[in-house]
Amino acid sequence: NNITSGGYQGSLLSKIDVTQSPHGSRLLRAWLLRPLFRKVDIDRRADVVEELAGGAVAVAMAEARPLLKKIGDIERLLSRVHSMSGGGCGEGGNGDSHPNDRAVLYEMA
C-alpha cells in the first residue's frame, strides 16, 4: 500500500507486479510484506531468480506466461472445491464426503 492513500496505486507492488496470475500477485505481495532476512534464504532466492531470468528457462517461462493468464485463479478454485458442502456427494448423499472424493485431477502421460 502507498503511504498517502493506503491503496494499491502508487505502491511499490503496483510498480513491480507484472505477474500473470492472481496467485502470483498474491505471492509477490506476501513476499513484499514478509521479506527474507536470513542471508542463505536471500541467496537461494536470488539464484532461482537468476536461473529463471536467463537461458532456456527464460524461454520456457515466456511460453508459459500466456497459459498462466488463461488458467485463472487455481488456488481459489481449489479452495472452493475443498470447502463445498456435500450436497448429495458421498455415500447416502449425506454431504460428509471428503473433498478428495469430489476433486478430479488429470495428469499428462
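Arg-45 sits over the face of Trp-31, 3.9 Å from the ring centre; a charge counts as over a ring if NZ of Lys or CZ of Arg is within 6 Å of the ring centre and within 35 degrees of the ring normal. This is a predicted model, in which local features need pLDDT of at least 70, side-chain atom pairs count only at pLDDT 80 or more, and totals for chains, interfaces and linings use all residues. Residues are numbered from 1 along each chain as its sequence is written, and side-chain values use heavy atoms, leaving out hydrogens and water.

The mean pLDDT (the predictor's confidence in each residue, from 0 to 100) is 77 for the protein, and 72% of the residues score at least 70. Over residues 88-92 the pLDDT is below 50, and this stretch has six contacts (heavy atoms within 4.5 Å) beyond near neighbours in sequence.

Trp-31 also belongs to the lining of the largest pocket, where Trp-31, Thr-19, Leu-52, Met-61 and Arg-65 lie nearest the centre among 21 lining residues. A pocket here is an open set of points on a 1 Å grid over the protein atoms alone, where a 1.4 Å probe fits, with protein on both sides within 12 Å along at least five of seven lines; lining residues have an atom within 4 Å of a point. By class, 13 of the lining residues are nonpolar, six are polar and two are charged.

Conventions: Ala, Val, Leu, Ile, Met, Phe, Trp, Tyr, Cys and Pro count as nonpolar, Asp, Glu, Lys and Arg as charged, and the others, Gly among them, as polar.
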